[in-house]
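I want my notes on this model in one place.

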Amino acid sequence: RMFLSPGGISFFLNNKIKMKVTYTLFLLVGLLAFTMAEKPSPMPQNVPFPEFTIALETAPEHRWDEIVDKFYDYDIELVYVQMTHVIPSLAGLVSKWVNPWALEHFGEYGQEIMGAVKAIKAKFPQTILTESNLLILNLLYSFDASCTSAVADSAEGVIHGRNMDFGFANALRTISMNITYTKNGKPLYKGTSFLGYSGILTGMRFDGFGISVDARHKDDSLAGNLLRIAMGYKPPSWLVRETLENVTNFDDARKTLSETKMAASMYMILSGTEAGQGTVLTRKPSGLVDDWPLDSAKGAWWRLETNYDHWEAPPTYDDRRTLGNKHFEDIGQDKITKDTMFDGVFSEIPNLRKVTVYTTIMCPKDNTYETHMWWYY
């Protein structure tokens, strides 16, 4: 990936570290190439997707306490050991100069990260997880949401689907969860996230709108993304969470996500409570590149996004768009439902891959929010 290229971070790294990063990247690319083609098996129906609640009145440094106490175990500790070993050079780099930002620049999200590590250390004193490790994992998730997202006009309302794909799929499956954020005892928004992850890449404001984020690999580098954060640009997943928390409707969310400076190029896929409220926002860090809305009157009753600008042809080695669109055509608008979108689009190759961590189907009109885990055996 461009933002992880050794050239992109050479400003920060000496030659020794660059060699380590290059070797790590070769391992990751090889792993991804090996795993992309095969279809995973669904999690058994009797194994529910983990569900937790965070009360926003709780002090940020204690928001993860109950979840860590109930969820964190030795298997999860091994997951973090594996992930922190894969990115040792990057974590080492961050530990030298990002840690102070967690307090000074990252506000309550930085406090949440440090609180999560403190809670983990209280339960597992031998843990190798540090604030720097968890922070770099937060940032990497934010910059590399390589996925499929779609919105579709239907008789049930605008249905919003998303497959989350990531190279650390097995690790992320182990630490994935849905979190309902409450305020004054009432559900405010919900997101599919990972243990210790403060941002949201898939989420829904109740009675408001849904959001999913797909990576857009255009002129980005890890160094550039981190420098933009230092300049006050927001990590994409944190911008999404702020929007879910502070914005109440589709139109205002569309405006916020179009105009707010963001640390990386991304696609923001939105759905609302009214017919026709669905769009794909193509973003660069400084602002909006394109707004691609639903237009059922002209036959555009769905929009599908797979990490490439919709006005350009996708690369032949990763063309999830063509078959994804054909699946929608085969279903037809009169038969599109939450179930047929899940079964007929997001459960089908090539949009479902071995690196697919989960599928979320949501509908802001009726507040449906369902997440399905995928395991490969």
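**Aromatic pairs.** Rings of Phe, Tyr and Trp (its six-membered ring) pair if their centres lie within 6.5 Å; planes under 30 degrees apart count as stacked, over 60 as edge-to-face and the rest as tilted.

I took phenylalanine 52 and phenylalanine 71 to begin with. Their ring centres are 5.6 Å apart and their planes stand at 75 degrees, so I log the pair as edge-to-face. The pair links distant parts of the chain, 19 residues apart: phenylalanine 52 sits in strand β2 (residues 51-55) and phenylalanine 71 in helix α2 (residues 65-71). Helices (H or I, at least four residues) and strands (E, at least two) are DSSP runs, numbered from the N terminus. Phenylalanine 52 has 14% relative accessibility, so it counts as buried. Phenylalanine 71 is buried too, with a relative accessible area of 15%.

Next I checked phenylalanine 342 and tryptophan 374. They form a stacked pair, 5.9 Å centre to centre with 25 degrees between the planes. Phenylalanine 342 lies in helix α13 and tryptophan 374 in strand β14 (residues 368-375), so the pair ties together parts 32 residues apart in sequence. Phenylalanine 342 is buried at a relative accessible area of 16%. Tryptophan 374 is buried at 5%. For these labels, buried means under 20% relative accessible area, exposed over 50%, and partly exposed in between (1.4 Å probe, protein chains only).

I also noted a cluster: ring pairs link Phe106, Tyr109 and Trp238.

**Model and numbering.** This is a predicted model, in which local features need pLDDT of at least 70, side-chain atom pairs count only at pLDDT 80 or more, and totals for chains, interfaces and linings use all residues. Residues are numbered from 1 along each chain as its sequence is written, and side-chain values use heavy atoms, with hydrogens and water left out.

**Salt bridges.** Side chains of opposite charge can pair when their charged atoms come close. My criterion is a side-chain nitrogen of Lys or Arg within 4 Å of a carboxyl oxygen of Asp or Glu. By this rule I get 18 salt bridges.

Glutamate 112 bridges to arginine 63, with the closest N and O atoms 2.7 Å apart. Glutamate 112 is in helix α6 (residues 107-123) and arginine 63 in the loop between β2 and α2, so this bridge ties together parts 49 residues apart in sequence. Both glutamate 112 and arginine 63 are buried. I then traced a network of salt bridges that links Arg63, Glu108, Glu112 and Arg241.

Glutamate 66 and lysine 70 also meet in a salt bridge, 2.8 Å from N to O. They are four residues apart in helix α2, which puts about one helical turn between them. Are glutamate 66 and lysine 70 buried or exposed? Both are exposed.

Glutamate 242 pairs with lysine 234, the closest N and O atoms being 3.2 Å apart. Glutamate 242 is partly exposed at a relative accessible area of 25%. Lysine 234 is partly exposed at 27%.

**Backbone checks.** Most residues other than glycine have a negative phi, and most peptide bonds are trans. I listed some exceptions. The peptide bond from isoleucine 349 to proline 350 is cis, with omega near 10 degrees. Proline 350 lies in the loop between α13 and β13 (356-363).

Asparagine 307 is not a glycine, yet has a positive phi of about 80 degrees. I found asparagine 307 in the loop between β12 (302-305) and α12 (321-331). It is buried, with a relative accessible area of 4%. Asparagine 367 also has a positive phi, about 65 degrees. Asparagine 367 is in the loop between β13 and β14. At 24% relative accessibility it counts as partly exposed.

Proline 364 is in the loop between β13 and β14. Proline 364 is buried at 1% relative accessible area. Its C-alpha is 7.9 Å from that of glycine 157, 207 residues away along the chain.

**Surface patch.** Which residues form a negative surface patch? I found Asp339, Asp343, Glu348 and Glu370. Patches are made of residues with over 30% relative accessible area and no salt bridge; like charges are joined within 9 Å, and nonpolar side chains (Val, Leu, Ile, Met, Phe, Trp, Tyr) within 5 Å. Aspartate 343 lies in helix α13 (residues 338-346). Aspartate 343 counts as partly exposed, at 47% relative accessibility.

How values were computed
Areas by Shrake-Rupley, 256 points an atom, 1.4 Å probe, with all protein chains shown as cover. Lys, Arg positive; Asp, Glu negative; His and termini not counted. Charge placed at Lys NZ, Arg CZ, Asp CG, Glu CD.
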